[in-house]
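Subject: The model I promised you

Hi there,

Here is the model I said I would send over. Have a look at it first, and then read on for my notes.

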Amino acid sequence: MATQHSRSAARMMMAPAVILLLGWMLVPLTMTLFFSFKKYLPMRGGDLGWVGFDNYIRFVTSSAFWPSVAATLIIVLGVLFITVVFGVLLAILLDQPMWGQGIVRILVIAPFFVMPTVTALVWKNMFMDPVNGLFAHLWQAFGLTPVEWLSQASLGSIVMIVSWQWLPFATLILLTAIQSLDSEQLEAAEMDGAPPLSRFGYITLPHLSRAITIVVLIQTIFLLSIFAEIFVTTQGSFGTRTLTYLIYQRVLESQNIGLGSAGGIYAVILANIMAVFLMRIVGKNLDA
Amino acid sequence: MARSVTTQRKLVNTIAAWSIGFLIFFPILWTILTSFKTEATAIADPPVFLAFNWTLENYEVVLERSNYARFLWNSIFIAGGSTLLGLIIAIPAAWSMAFVPSRRTKDILLWMLSTKMLPAVGVLYPIYLIFIKMGLLDSRIGLTVVIMLINLPIIVWMLYTYFREIPGEILEAARMDGATLKSEILYVLTPMAVPGIASTLLLNFILAWNEAFWTLNLTAAKAAPLTAFIASYSSPEGLFYAKLSAASTMAIAPILILGWFSQKQLVRGLTFGAVK
């Protein structure tokens with residue numbers, strides 16, 4: 001039984017982490033909130049006073065806003081779709097008996113450990129370059145004209161690059177979940193004559209639903225804020241300016257702090273909506 | 001697994017899985033291969049796979065010309081420093097939440113998790129401003145602290161899930177035998193906690209090593225780690241495939257190796273214990 005003494009000791013032990021995180025959250029967020037109500041241009045006149053909700057209105061009515069929402073949605077949904085569908089298939093395949101399972105697993109997981117700037121540069125130059133890239137050679141081998149991936153199919157290319165990065169994560173988590181599936185259930189279904197597709201649909205998929213939800217939520221949070229992949233490849237041109245990148249440009253490139261901060265607050269609200277769902281699932285797990 | 005399968009079925013599985021595994025791994029393999037080619041071979045048409053004169057020239061050039069050692073040291077300093085600092089702060093916190101839980105423990109844990117979801121871009125300017133005011137821009141210390149803070153929730157969570165698996169009965173038994181709080185922590189809890197702490201350390205080192213928002217935005221020449229160094233290759237005049245590949249291979253090799261050891265912890269760490 002915890003005594004009064006050990007309780008206060010416990011509080012002391014928790015204090016540094018709690019205070020640091022509280023500061024890390026509150027101080028910058030308060031500043032962003034503060035700036036978001038100001039016209040603030042450090043390069044052109046500095047602090048030009050309070051403007052109420054002007055920045056919030058201007059951020060969503062600027063011509064760049066809706067395209068950036070569309071780009072964000074396409075990237076997030078595209079990557080989610082690819083990683084979840086292929087992740088499930090790959091996890092099922094990797095769960096089958098085979099030779100060298102451990103090595104295949106290592107090969108599949110590897111992309112997750114490659115730093116984002118390397119990923120982006122390697123894909124941009126060595127695969128998607130319209131002259132020297134491997135895809136260009138491949139296209140030419142079939143007598144086709146090489147595609148300028150990052151300008152002609154820019155969003156698709158980004159989705160492809162980011163999916164390559166995140167497929168290992170989805171696969172690994174889904175594989176872990178599949179391995180916890182009771183194989184007797186599947187065997188019983190097989191003996192009762194259930195065809196593979198209904199075994200998948202009625203046993204495997206429902207078992208995976210929680211893991212899939214977790215993959216979707218965690219990836220969404222990370223995907224909403226991808227940065228390096230765009231910074232290195234297109235710098236936001238050719239329709240690849242996501243909400244995150246738009247805010248970054250407003251803040252650091254055009255140094256319109258008020259406007260960027262208003263955008264930042266929108267991003268915080270959006271992330272919090274996603275976070276509520278994730279925490280509900282994680283929190284449930286804590287009680288168990 | 002009692003399921004018996006025919007050899008034929010196993011062979012089909014093996015071929016399918018190996019092909020897909022190879023395809024997924026191919027970009028990394030291609031980068032490693034290219035790093036051993038000359039610049040001319042690297043852009044040869046048609047591309048050459050293995051039949052080329054292997055050379056270490058690119059590694060020599062990258063090491064000599066670009067101050068690679070400094071970027072490497074910055075990466076090690078920032079990733080290692082932020083992980084150790086994080087552990088020092090997180091171990092007592094996770095410890096007390098796992099062993100002396102209160103009614104609010106769950107809320108505190110969830111709140112910590114929520115700080116992880118704060119979009120970096122939303123606080124970019126304030127942090128930038130604070131860094132300028134405190135002279136921390138382009139400093140290793142500043143970056144180490146920021147990266148420690150963004151990973152602190154994950155560290156606390158991972159440790160918490162590990163500590164919770166340590167059975168409380170053992171502690172009670174030690175106490176009955178007259179162990180003091182100090183010896184309880186030192187001789188009973190610590191040995192059992194070491195594996196969990198080690199995996200937390202590993203995963204967070206990897207996450208910190210690959211972090212590419214704050215490292216790109218808060219560093220210039222002095223404190224830039226490998227993530228920023230590699231990004232500097234994206235300017236057209238610096239573009240040489242073989243050298244880019246050599247630099248990339250050196251930047252990812254240590255983490256690939258560490259990463260393969262941390263597969264299992266990865267699942268637990270990144271799902272905050274929701275999938276084990």
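Which residues of H5(A) meet which residues of H1(B)? On the H5(A) side they are Val122(A), Trp123(A), Met126(A) and Phe127(A), and on the H1(B) side Pro27(B), Trp30(B), Thr31(B) and Thr34(B). By type, the residues of this contact divide into six nonpolar, two polar and no charged. (Ala, Val, Leu, Ile, Met, Phe, Trp, Tyr, Cys and Pro count as nonpolar, Asp, Glu, Lys and Arg as charged, and the others, Gly among them, as polar. Residues are in contact if their C-beta atoms, placed from the backbone, lie within 7 Å.)

Before going further, a word on the ground rules. This is a predicted model, in which local features need pLDDT of at least 70 and side-chain atom pairs count only at pLDDT 80 or more, while totals for chains, interfaces and linings use all residues. Residues are numbered from 1 along each chain as its sequence is written, and chains are lettered from A and ligands numbered from 1 in the order in which they are written. Helices (H or I, at least four residues) and strands (E, at least two) are DSSP runs, numbered from the N terminus.

**The two chains together**

Two packed helices are described by the angle between their axes and the distance between the axes. For H5(A), residues 116-127, and H1(B), the axes come within 11 Å and cross at roughly 70°. H5(A) is therefore roughly perpendicular to H1(B). (Axes are lines fitted to C-alpha atoms, for helices over the stretch in contact, with angles from 0 to 180 degrees between N-to-C directions; under 35 degrees counts as roughly parallel, over 145 as roughly antiparallel, 65 to 115 as roughly perpendicular and the rest as oblique.)

The whole contact between the chains takes 84 residues from chain A and 85 from chain B. H1(B) provides the largest share of the chain B side, 16 residues. That side of chain B divides into 64 nonpolar, 17 polar and four charged residues.

**Chain B**

Chain B is divided into domain 1 (7-59) and domain 2 (66-270), with bounds from an automatic or database domain assignment. Their C-alpha centres lie 32 Å apart. Eleven residues of domain 1 and eight of domain 2 make the contact between them. On the domain 1 side, H1 (7-34), H2 (39-42) and H3 (57-65) of chain B each supply at least two residues, and H1(B) gives the most, with three.

UniProt, in an unreviewed entry, places "transmembrane region" features in chain B at spans including 12-33 and 71-96. (UniProt positions are in the numbering used here, feature names are shortened, and annotations may be inferred rather than shown by experiment.) Residues 12-33 of chain B are 100% helix, with end C-alpha atoms 29 Å apart. Residues 71-96 of chain B are also 100% helix, and there the ends are 38 Å apart.

**Chain A**

Chain A has 13 helices and two strands. Its radius of gyration is 24 Å, whereas a compact globule of 288 residues would have one near 19 Å. (This is taken over C-alpha atoms; the globule rule is 2.2 Å times the number of residues to the power 0.38.) Along the principal axes, the C-alpha atoms of chain A fill a box of roughly 75 × 75 × 30 Å.

The unreviewed UniProt entry lists "domain: ABC transmembrane type-1" at residues 69-278 of chain A. That span is 78% helix and 0% strand.

Best wishes

How values were computed:
Two residues are in contact if their C-beta atoms, placed from the backbone, lie within 7 Å.
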